[in-house]
Amino acid sequence: CEELRTEVRQLKRVGEGAVKRVFLSEWKERKVALSRLSQLEMKEDFLHGLEMLKGLQSKHVVTLLGFCEDDNTILTEYHPLGSLSNLEATLNLSKYQNVNTWQRRLQLAVDYVSIINYLHHSPLGTRVMCDSNDLPKTLSQYLLTSNFSLVVNDLDALPLVNHSSGTLVKCGHRELHGDFVAPEQLWPYGEDTPFDDDLMPSYDEKIDIWKIPDVSSFLLGHVEGSDMVRFHLFDIHKACKSQTPAERPTAQDILDIYKKVLNLLRDTMVSQTREML
């Protein structure tokens with residue numbers, strides 16, 4: 001704690017959510033991200049996020065550099081390209097035009113599904129991305145690295161599903177709306193019955209699967225070749241949108257298809273190029 005207090009120098013605020021404020025900072029002559037608890041009533045969520053960061057360190061998760069529970073601070077690796085929400089603005093910059101391709105965008109979708117698959121089979125059990133009730137909020141959970149890959153950054157709402165013990169989850173205590181959330185997350189008893197959290201059924205990790213087509217569509221964008229990729233992913237994305245959770249594919253199933261399509265289309269392009277030569 002003393003090292004964080006004395007050696008980390010805050011430069012500017014770069015983000016703020018319900019749980020924490022994030023500051024671009026300097027530590028040991030490198031740029032880092034310093035997160036501070038924004039309000040005391042969110043301390044439980046803040047500490048949950050810290051425990052998840054500690055227990056899930058891998059290539060899929062932002063690197064934890066240090067923390068001080070006494071001061072409610074967390075130090076993580078800084079990624080200057082920021083959250084995934086900035087993807088279009090970043091790729092529209094002239095210096096990144098060479099990576100604004102369907103290949104790179106599909107690879108980002110592979111990264112995204114790889115993260116979901118990792119969380120569903122994590123060292124801390126099957127974890128569900130609960131803080132993802134609309135597309136912008138979902139995108140804000142991920143960081144775009146300098147080599148254009150993805151890491152998950154915000155793990156403040158990552159409850160545990162345990163099918164063997166019958167442990168399911170509910171994402172918050174308020175009524176959810178819209179097409180982005182899975183059908184089982186919507187109030188099932190009609191408008192005439194007021195929402196009651198005690199009566200709201202719980203659900204499992206298949207809510208993450210429902211959202212994959214929407215996130216992937218954002219990642220693919222509208223560059224040349226993206227419609228071709230969407231065509232090849234149509235069947236698996238249709239399966240993701242099954243009204244029955246148990247009928248949706250697993251994240252591993254989807255990841256296998258994404259990788260297969262990426263390799264297939266790359267090989268096709270190589271063959272076409274050779275024929276032209």
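The C-alpha centres of domain 1 and domain 2 lie 25 Å apart. The model is predicted: local features need pLDDT of at least 70, side-chain atom pairs count only at pLDDT 80 or more, and totals for chains, interfaces and linings use all residues. Residues are numbered from 1 along each chain as its sequence is written, and side-chain values use heavy atoms, with hydrogens and water left out.

**View 1. The two domains and their contact.** The domain assignment gives domain 1 as residues 1-77 and domain 2 as residues 84-268; such bounds come from an automatic or database domain assignment. Domain 1 puts 16 residues into the contact, and domain 2 puts in 19 residues. Contact here means heavy atoms within 4.5 Å.

**View 2. The largest nonpolar core.** This core has 59 residues, and those with the most contacts inside it are L106, Y112, L219 and Y258. A nonpolar core is a set of buried Ala, Val, Leu, Ile, Met, Phe, Trp, Tyr and Cys residues joined through side-chain atoms within 4.5 Å. Buried means under 20% relative accessible area, exposed means over 50%, and partly exposed lies in between (1.4 Å probe, protein chains only). The elements that give two or more residues to the core are α2 (43-55), α3 (87-91), α4 (102-120), β7, β8, α6, α7 (226-240) and α8 (251-276). Helices (H or I, at least four residues) and strands (E, at least two) are DSSP runs, numbered from the N terminus. Helix α4 supplies the largest share of the core, eleven residues. The core lies between domain 1 and domain 2, because both give residues to it.

View 3. Apart from neighbours within four places in sequence, L106 is in contact with L220, V229, L233, Y258, V261 and L262. A second, separate core has 13 residues, including A182, W187, Y203 and I207.

**View 4. Helix α4.** The end C-alpha atoms of α4 are 27 Å apart, in agreement with the 27 Å that its 19 residues should span at 1.5 Å a residue. The expected span of a helix is 1.5 Å times one less than its number of residues. Helix α4 is largely enclosed by the rest of the structure, since 16 of its 19 residues are buried.

**View 5. Helix α6 and its bend.** Helix α6 covers residues 206-220, 15 residues in total, and its first and last C-alpha atoms are 22 Å apart, close to the expected 21 Å. At I212 the helix α6 bends by about 35°, and a proline, P213, follows within four residues. The bend at a residue is the angle between axes fitted to the seven residues ending there and the seven starting there. Of the 15 residues of α6, 13 are buried, and the helix is mostly covered. G221 follows α6 and has a positive phi, near 60°.

**View 6. Two loop residues with positive phi.** K28 is in the loop between β2 (20-27) and β3 (30-37), and its phi is near 55°, a positive value in a residue other than glycine. K28 is exposed, with a relative accessible area of 56%. F148 is in the loop between β7 (142-144) and β8 (150-152). The phi of F148 is near 60°, and this residue too is not a glycine. F148 counts as buried, at 5% relative accessibility.

**View 7. S25 in strand β2.** S25 is part of strand β2 and counts as buried, at 0% relative accessibility. The side chain of S25 reaches the backbone oxygen of F23 at 3.3 Å. This is a polar contact, that is, a pair of N or O atoms within 3.5 Å; within protein, one must be able to donate a hydrogen and the other to accept it, and residues adjacent in sequence count only if both atoms are side-chain atoms. Not counting residues up to four places away in sequence, S25 touches V8, R9, Q10, L11, R30, K31, V32 and L34.

View 8. S132 is found between β6 (126-127) and α5 (135-139) and is buried at 2% relative accessibility. A polar atom of the S132 side chain lies 2.6 Å from the backbone oxygen of M129. Leaving aside neighbours within four places in sequence, S132 is in contact with T138, F180 and K211.

**View 9. L47 and D156.** L47 is in helix α2 and is partly exposed, with a relative accessible area of 26%. L47 and D156 are 109 residues apart in sequence, and their C-alpha atoms are 7.9 Å apart in space.
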